[in-house]
Amino acid sequence: MFRTALRNVLAHKARLLMTVLAVMLGVAFVSGTLVFTSTISDAYQASSQKGYDNVDVAVQQRSSDSPSGAPGGDSKPKLDQKLLDKAAQVPGAASATGTVSGFTAIADKKGELLGNGFSTTGGNYFAGKDGKDARYPMRSGAAPKGPHEFALDAHTADKAGYKVGDTVRLSVDGPVREQKLTGIFTTDDGTVAAGGSLALFDTPTAQKLFAMPGGFSEIDVKAAPGTSQNALKSEIDKVLPKDAAEATTGKQLADDQAKMIAKKMDGMKTGLLVFAGIALFVGVFIIANTFTMLVAQRTKELALLRAVGASRRQVTRSVLIEATVVGAIAAVTGMAAGIGIGAGLRALMNSTGATVPDGPLVVSPSTVLISLLVGIVITVLAAWLPGRRAAKIPPVAAMNSVHATATTKSLVVRNTIGALFAGAGAAGVLVATGMSDGKAVMGGGAFLLLIGVFILTPLLSRPLIALAAPVLRAFGISGGLARQNAVRNPRRTAATASALMVGLTLITGLTVIAGSVQKGIDKMATESLTADYVVSMANSLPLSPDVAKKLDGLDEVTAVSPLRMSPSRIDGTPQSLTGVNGKDFGKLTKLDFTKGGLGDLQGGRVVVDDATAKEKGWQPGSRFPVTFEDGKKGTLTVSGVYQGNQMIHGIIVDNATLAPHQKQVTDRQVMVNTKDGTSDAAKESLVKGLGKNPALAVSDKKDISESISQAFSLMLNMLYGLLAMAVIVAVLGVINTLAMSVFERSQEIGMLRAIGLDRRGIKRMVRLESLVISLFGGVLGIGLGVFFGWAAGELISGSLATYELVLPWGRIGLFLGLAALVGVLAALWPARRAARLNMLAAIKAE
Amino acid sequence: MTPTHSGVTTAQRATAVAARATDLSKVYGQGETQVVALDAVSVDFHQAQFTAIMGPSGSGKSTLMHCMAGLDSISGGSARIGDTELTGLKDKKLTQLRRDKIGFIFQAFNLLPTLNALENITLPMDIAGRKPDRAWLDRVVETVGLSGRLKHRPSQLSGGQQQRVAVARALASRPEIIFADEPTGNLDSRSGAEVLGFLRNSVRELGQTVVMVTHDPVAASYANRVVFLADGRIVDDMPDPTADLVLERMKGFDAKRRTS
């Protein structure tokens, strides 16, 4: 039997090609993901290991108990020069390095922030005994000295075009500084490797800038030759103030970081594998379809095998062996392609600016094993049903001279099961929309519904494709024949369309959800805001109160209010108070008051959001005691209850009331109104008024909306890219089905040609059939996607009050167009083949 | 006997020529493997006549039909349908010619399983985008006795009925000539006789021109004339054949073959 199976594979090379391609793509995706993630994670681990080369023991401040955790307050820094000296003196220590670090914004030549704000860091150049810092070898220039100099990492300097000697605008804690660039250095620092920037100052300057005068955030000690990290650690432990600092070995730190990297990569790997799984799932339909058709075509041959004495099991086995061979070929080629994809992805990431550390391509044995198993197992599983069907062919079928017609076994059982699944699934999804926590129910329901629709697709094919009849009639006889052919074998059409349906369901669903959530978040962020501009830190860290003061002093500005957080306690439980400028607050926001009103926000009068009011049982007029952050007690009175949102929520107090109790003030953001409202000139004058500070972002409502929509479209585009794989596999499926149909119907096509249908007519017939099947899959997928999108939205709206369903009609049209394009593209080759068919051979063939 | 002009023997019938082959040659392959399927065949097929082409396997009878019907290309000489010269016609023109002027009946029926009987019958006209002539269509359907089965699919019809649908399909568009390739090859003798009867009636009553390839002497006896082919040449031309005469003639070929 094995030889028979093998011969069959070879005999149907062309027909199996698409199957191999489908499995191959899925396997390539899987192995590509595995290769890529292990390569990257190895590279990161190698680089982080390198980063700890100079660290044998690191001394870090023990995490403080105070919630604000603001360093550099009245207390002295815990890691100071004295401790550094002590650490350097312990037996076995070769040298000790003190580091300080913090946020540092660097402006490019146009004055705008370099980088994304989250990975722009600054640190100190800690000159060792030889006057050099081993961590940062200078590529050009010299180490920074004094408060007016700094050094910049080579990557950032090259990006911005800065050279040694340039004067660069930068900002650490608010005010803009102009520093002279004295050196450009190279580094293994992880942030820089990932595309961030690193600016270095001399140690005293860095300590001052990062609010740690005389202190360090970490002391790294290098062991003398012959001293182990653990021995050094125990020596250092002896000199450390136990309550304030702790020592960790470099190895431990490297391991911790390695674990963190592995965890991060795991998340990414899982995400990518989900999409690989989707592509493979789609592939299953195509494999099953191919083998069903192959078995149908070989009915006579298989029956002959049975007639000459092959058992049922042998027949099934021959089909499965064939599947195994196909699966193995696909898996091996897929894995090879996957290694290429892994390498390509890394190159792609490098070119988009997210610098990935160099390292060898890692193809682990488990990657190889998983890829091969996935390819073979999926193929064999998908061929299982066709294999069983093959075994059921009666030996007498061999004697029939007539072409065995496809079994027209009734679809009643299938339809009943499908209807049950779909009904239960739809009910589950609908019930879940009404539940407060219906995620699991909805997920299960969606899955059932999807399965139900798969099963029902053959039933749905007739009425849905009949809808296209009026359009097809316009194409004359070709259109009519195409429609008939499309519904001729409902199972086959269904399996082909289903493959496309999966991809489009996901794409549409995600688009609907993302569009709706984006609208919701956008609304939430901008709805209650009437301020012309909002000023915040580029990295969303707290702002210096100087910013609000400076804005208040500008002529342009008519109203200013910071949003200021102050921890407090009410009835013994922690509760954050939001401080605002009570005088201007009403002009800058439009809060929706359910009870009472803003009134005169001064002294002890506050407004409270509905959630807090409900929790505490407050009404306008309620008075409550409060313990401020400095421990002093007071009493506040509720004057209004408003509907809270993402931006403004909680208990809102006038800043003047808070000021006496606050040691250190930071603002989350500052809202501003200008004389001219929002205009380029107004923005310009605000930016100028703030000293063109690269660390500050001045945004109006439109900017906020834009940044939200940018984030969403970036995410959606990535998802589209990943789902494209499933669509490509579906295209292969359509090609496969059409090619086989053309082959099976060659006699008919020959007859049509003989009685006068020209090549164009034949081509058109095949193309239209492809189009109809693809659009059928597209309509089903888009329909399901919209339904799932709506249902998921109902769940989301529970946690996002401003959520509203947005149906992106343009996009939906685009997806339908995509389905049509799939149909047209997939038909190119089969249609050509049909038109080129040798008419005489086709007619004569029996 | 010179088969150049058969008008001598059928002078009493209409003499207009529906299709004509002049020195028609068909060669397959090249060099060593070259096979001459038709060797300078010249023959006329007259209007409103039922002509049978006979000959042993490999005599070139099917090739002659395929070349005359524009289904296969011609290596040399000329083939005409009515006034149209087939040599040199591009595929598109050839397709149009087949569509508008030629009807086909195949051995394997070759109906579209997705279409019902009526749709199969009107298929050539649907392809051409023409409306069928209702009265004519009814008459054709009546003639082949399919009136009650027009809504049936081919799979619901017997072999004989399917071939009758094929005959109706060929007749419905009133082609200048119908080519039938072993139309009774897949039928039992009774159904075969029915189909042949319809073909003869269509010639007698409707004035249709029919050219039929067959190897069955009984089938050939329904024709007005039998043209015998052997080794790619026309070797005999028999007017008003009977089954016995044809059988005798065929035996003659076999004997000659055995002795040669």
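**Talking through the two chains**

Mentor: Happy to! Keep in mind that this is a predicted model. Where the chains meet, 19 residues of chain A are in contact with 21 residues of chain B.

Trainee: Which helices of chain A supply at least two residues each to the side that touches chain B?

Mentor: Those are helix H15 (476-486), helix H23 (746-754), helix H24 (759-796) and helix H26 (839-844) of chain A.

Trainee: And how do the residues on that side divide into nonpolar, polar and charged?

Mentor: On the side of chain A that touches chain B, eight are nonpolar, six are polar and five are charged.

Trainee: Staying with chain A, what does the domain assignment give?

Mentor: It gives domain 1 (1-49 + 254-407), domain 2 (50-253), domain 3 (462-526 + 704-846) and domain 4 (533-699). Between the C-alpha centres of domain 2 and domain 4 of chain A there are 35 Å.

Trainee: Changing topic: is A:Gly161 buried or exposed?

Mentor: A:Gly161 counts as exposed, because it has 9 C-beta neighbours inside 10 Å, and the cut-off for exposed is 12 or fewer. You'll find A:Gly161 in the loop between helix H4 (154-160) and strand E8 (167-171) of chain A.

Trainee: Over to chain B, then. What is the strand order in the open sheet of four strands?

Mentor: The order is E2-E1-E4-E5 in chain B, with antiparallel pairing. Strand E2 (35-46) and strand E5 (84-85) of chain B are the edge strands, each pairing on one side only.

Trainee: How many bridges join strand E1 of chain B and E2(B)?

Mentor: Eight bridges, in the antiparallel sense, with strand E1 of chain B covering residues 17-28. B:Tyr28 stands opposite B:Val35 in E2(B).

Trainee: Last one: which residues of H6(B) are buried?

Mentor: They are B:Gly192, B:Val195, B:Leu196, B:Phe198, B:Leu199, B:Ser202 and B:Val203.

Note on methods:
Residues numbered from 1 in each chain as written. Chains lettered and ligands numbered in written order. Predicted model: local features only at pLDDT ≥ 70, side-chain atom pairs only at ≥ 80, totals over all residues. Contact = placed C-beta atoms within 7 Å. Nonpolar A, V, L, I, M, F, W, Y, C, P; charged D, E, K, R; others polar. Pairing = 2+ DSSP bridges. Domains from an automatic or database assignment. Buried ≥ 20, exposed ≤ 12 C-beta atoms within 10 Å, placed from the backbone.
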